[in-house]
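Have a look at the sequence and the coordinates before reading on.

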Amino acid sequence: MGLPSVSDLKDLTEGTFMTDTTVRVPVPEPPGEQAPPRRVWTVTLAGLGALLCSLDVVVVATALPALRADFGASLSQLEWTINAYNLVFACLTLTGAALGDRFGRRRMYVVGLAVFTLASAAAALAGGPGQLITARVVQGAGAAVLLPLTLTLISEAFPAEKRGMAIGVWGGVTGLGVAAGPVLGGAVTEGLSWQWIFWLNVPIGIAMMPLAATKLRESYGTRPQLDLVGLVLAAVGLTGLAWAPVRAPEAGWGSVEVLAALVVGTVSVAAFLGWEQRGARYPMLPLGYFRRRAFSTANAAAFLLFGSLLGALFMITQLFQFGLGYSPLEAGVRILVWNAMPLLVAPVAGALADRFGTRPFMLTGLALQATGLGLLAWQIEPGVGYGQMVVPLIIAGIGISMVFPSVANAVTSSVPLSDAGVAAGVNNALRELGGVFGVAVAAAVFMTYGGYGSPAAFLDGCAPALWVSAGAAAAGAVVAVFAPGRE
């Protein structure tokens, strides 16, 4: 047996080793060995990745009227500019987490950045709604790799007692994306053109790639091979279940297309669960985790939170422009009282969750989100002014700020550190799937009670849609009651 090679030494210095079965196992670091600058870089780069992903969920929202005018886009096409991203994001995020575990989280993080950056350039160059939607699909695939790995990188870099604060910072940066999205989208759409909301991603992505490749620490999961059958079944199942509510407003719930999507989605998810439980040698999702109350309640709360949040955002950004007559920039600035709250509150909530547990913050946050949106829906009527909306928006904003970090911390803390990527993937899949359902249901309710015929008709449809979003948050608060207390 000779001296170790250069590549062997490299593996050891990066904190991993390779066995003869190609299983890569993280090597625990002695206390104090990881330098603080490494953690700073991890939070910074992971936070920026989360910022890009969250920004592109909402940045298109204030550009919807401009897209409608520029492309002559229908309501369905406007939905798809948001849902194409969210749908692929939701359906592939488990795959993104699994790829990071198998091929290296740092390596796949860089790959995700590259895909996201190229797709952003393609979206900016789109000449019609079809090309834009296609680019958004690819963007969603890049985000599906990026976002779950942001949480995994943080969880791997920080000890449990400091993880809540780090995830709180992550939640604050995510909140910055949610807050900046409408303002940035409005400012860029009004001052330049809607294309620049995508061009802005390109230099950020290009700058981040070499930094991520050199500043992040490589780590791997414990599974020696990908669960390819599980990946396919999960992707097909989630796509079918998400496709149905997206298409239902236009095709009808009783149409062959929607019913077939529901059947294919349900059968594929059932097959996925059966395969993971009995057939997979290295399951991508250990189903036993769902028997842990912390894991299951946090994921259910995330699904309902994002259904409420994105459904409401889809309506409110249009309410301020079409219903109240504000410009895109004016609308974005006014939404700040809602969406800027995570930037201010989430880091504090994350740090306090380390001390008091996550359940109080999930429960209170979802209750505040429901209360704020309910008050807003109650105010929506002809003659409503912005001043009447400020307090409800602030209440709802504080609510989502408390839920962001507490849900993420509860999910990643409820599983072994080696499966933090799996946990983050499940959480992000359900978050994005919740967003798809939220936008689809809000749009369906809006068209049932109102429409784009006049500002008054818009208000008639907007209020019931916001009541539905408030109801989703209230259901999340009920789920949070069953979360475990601090152990």
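Predicted model: local features only at pLDDT ≥ 70, side-chain atom pairs only at ≥ 80, totals over all residues.

Residues are numbered from 1 along each chain as its sequence is written, and side-chain values use heavy atoms, with hydrogens and water left out.

**The chain overall**

You're looking at 18 helices and two strands; these are DSSP runs, numbered from the N terminus (helices: H or I, at least four residues; strands: E, at least two). Of the 487 residues, 58% count as buried, meaning under 20% relative accessible area with a 1.4 Å probe, protein chains only. The accessible surface comes to about 18,200 Å², and 69% of that belongs to carbon and sulfur atoms; areas come from the Shrake-Rupley method with a 1.4 Å probe. Take the contacts (heavy atoms within 4.5 Å) between residues at least 6 apart in sequence: 83% of them join residues at least 24 apart.

**Two helix pairs**

Axes here are lines fitted to C-alpha atoms over the stretch in contact, with angles from 0 to 180 degrees between N-to-C directions.

| Pair | Axes come within | Crossing angle |
|---|---|---|
| helix 15 (residues 359–379) and helix 18 (residues 455–481) | 8 Å | roughly 165° |
| helix 5 (residues 105–124) and helix 9 (residues 201–215) | 9 Å | roughly 165° |

That crossing angle makes helix 15 roughly antiparallel to helix 18 (the cut-off is over 145 degrees). Their crossing is left-handed, that is, the near helix is turned anticlockwise from the far one by less than a right angle. Among the residues making the contact are Leu363, Leu366 and Trp378 of helix 15, and Leu466, Trp467 and Val481 of helix 18. By class, the contact has 18 nonpolar, four polar and one charged residues; Ala, Val, Leu, Ile, Met, Phe, Trp, Tyr, Cys and Pro count as nonpolar, Asp, Glu, Lys and Arg as charged, and the others, Gly among them, as polar.

Helix 5 and helix 9 are roughly antiparallel too, and helix 5 passes helix 9 in a left-handed crossing. Residues that meet here include Tyr109, Leu113 and Phe116 in helix 5, and Ile206, Met208 and Met209 in helix 9. This contact has twelve nonpolar, four polar and one charged residues.

**One serine**

Is Ser268 buried or exposed? Ser268 sits in helix 11 (residues 256–279) and is buried, with a relative accessible area of 10%. Leaving aside neighbours within four places in sequence, Ser268 touches Leu233, Val236 and Gly237.

Definitions and conventions: Parallel < 35°, antiparallel > 145°, perpendicular 65-115°, else oblique. Buried < 20%, exposed > 50% of the residue type's maximum accessible area, 1.4 Å probe, protein only.
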